[in-house]
Amino acid sequence: MSTETMKAIGFYKPGDVKEPMDLEVVEMERPKPAGRDLLVQVKAVSVNPTDLRTRDAKKDGDESFTVVGRDAAGIVAEVGEDCSLFKPGDEVWYAGTNNRPGSQSEFQLVDERIVGKKPKSLDFAQAAALPLTSLTAYEAMFDRLGISENAADNKGKSILIIGAAGGVGSIATQIAKQAGLTVIGTASRPQTVEWAKEHGADYTINHREPLEPQLKELGFDNVPYIFCLSATDEHMTDMTTVIAPQGKICSILPAFKPLDPRLFAKSVTFAYELMYTRSVFQTEDMIRQHELLDRLADDVDAGELETTKTEHFTPISPSALKEAYSNLLTGRTIGKIVVEGPFEE
Ligand SMILES: NC(=O)c1ccc[n+]([C@@H]2O[C@H](COP(=O)([O-])OP(=O)(O)OC[C@H]3O[C@@H](n4cnc5c(N)ncnc54)[C@H](OP(=O)(O)O)[C@@H]3O)[C@@H](O)[C@H]2O)c1
């Protein structure tokens, strides 16, 4: 490959988000970093439901090439003139943002304030599973729900995690457990129940059945925190019923139906978490993502948190990615699906 060009994988036409993407490889100019941007050589990526929604953002008639992907692990190739956190040769991981070209290209520009050092104990594929889901879980629990990062403060407190065995749930259960909370995870199948328990859930209940009687049977009249990772509208009535007075709910998906007015009577805080907010709006505290990713790397290297990688494809090619996205589209993913380089046609 020329040093001036790179392979990138993406699509030209918007499509149905319920279908795998019509992906292709394009040879394009390799970008140069400026300011606080790093140029990262991408070694592995993981697939996320949000990648499929990239197509929503495309207007009919817009047939420009969109590079897909968010999560990546790789090596810093070059740095912009204002970078101070990384140097060429550093191994890094990140979740990127949704208003710049994605991670499924041999080289990618990314702002160093949303990049962390890759854990030494993980290879690139194991690492690529974690950034986006972990940032989502950290930001939701610590920044939106206001849960203390000090485990001693959370003794005796419980959190209900709806969708505990998916990509976000698999790391959210670990982080909640590490934060000293009692974790009740929801899962609907024997495989997902087992996975959720292995990854930090003290108890599991089934999200296909009413939640209140299942919680009561476990001895919980209500819960002070709910972290909703799936079907927010579908679970709204149940969440309203089981949230404690003055409790807090965080959803990572939009609620399209009006909030249940019973939340008002309970003075419940309803919060949203979108892990792109800091990078898209360039908030003053966007370096929080760098700090959280570094903290995550330390905790992984200390053996306190583990990779959530379950499926592994290679090389990074349209056909491997299509298979990975087809699996994701089933809505029954356990943990994370990773695709590892090299990049191929
Ligand atoms: N706001 C953000 O920043 C942000 C970040 C990441 C993801 N997200 C969004 O959050 C959602 C979850 O992401 P993910 O990566 O964890 O997805 P995922 O890995 O595809 O989630 C799969 C899991 O969802 C569970 N599930 C399926 N239907 C459910 C239902 N009706 N109620 C509860 N759980 C259900 C399944 O459990 P069973 O097989 O046991 O049913 C499965 O284990 C996606 O829509 C994604 O786009 C948002």
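**Reading a predicted chain, from burial to sheet order**

Reply: In this predicted model, buried residues make up 55% of the 345 residues in the protein chain, where a residue is called buried if its relative accessible area is under 20%.

Me: How compact is the protein chain for 345 residues, and why?

Reply: One compares the radius of gyration, taken over C-alpha atoms, with the globule rule. The protein chain, with its 11 helices and 16 strands, has a radius of gyration of 20 Å, close to the 20 Å that the rule gives for 345 residues, so it is as compact as a globular protein of that length. Its C-alpha atoms fill a box of roughly 65 × 40 × 35 Å along the principal axes.

Me: At what angle do helix 6 and helix 7 pack?

Reply: The angle is taken between the N-to-C directions of the two axes. Helix 6 (residues 211-218) and helix 7 (residues 232-242) pack at about 35°, and their axes lie 9 Å apart. Leu211, Glu212 and Leu215 of helix 6 meet Asp238, Thr241 and Val242 of helix 7, and the residues of this contact divide into 3 nonpolar, 1 polar and 2 charged.

Me: What is the order of the strands in the open sheet of 3 strands?

Reply: Two strands pair if at least two bridges are found between them. Here the order is 2-1-4, with antiparallel pairing, and the edge strands, strand 2 (24-29) and strand 4 (66-67), each pair on one side only. Strand 1 (residues 5-11) is joined to strand 4 by 2 bridges, and the bridge partner of phenylalanine 11 in strand 4 is threonine 66.

Notes
Residues numbered from 1 in each chain as written. Predicted model: local features only at pLDDT ≥ 70, side-chain atom pairs only at ≥ 80, totals over all residues. Heavy atoms only, no water. Axes fitted to C-alpha atoms, helices over the stretch in contact; angles between N-to-C directions. Helix = DSSP H or I, 4+ residues; strand = E, 2+ residues; numbered from the N terminus. Contact = heavy atoms within 4.5 Å. Nonpolar A, V, L, I, M, F, W, Y, C, P; charged D, E, K, R; others polar. Rg over C-alpha atoms; globule rule 2.2 N^0.38 Å. Buried < 20%, exposed > 50% of the residue type's maximum accessible area, 1.4 Å probe, protein only.
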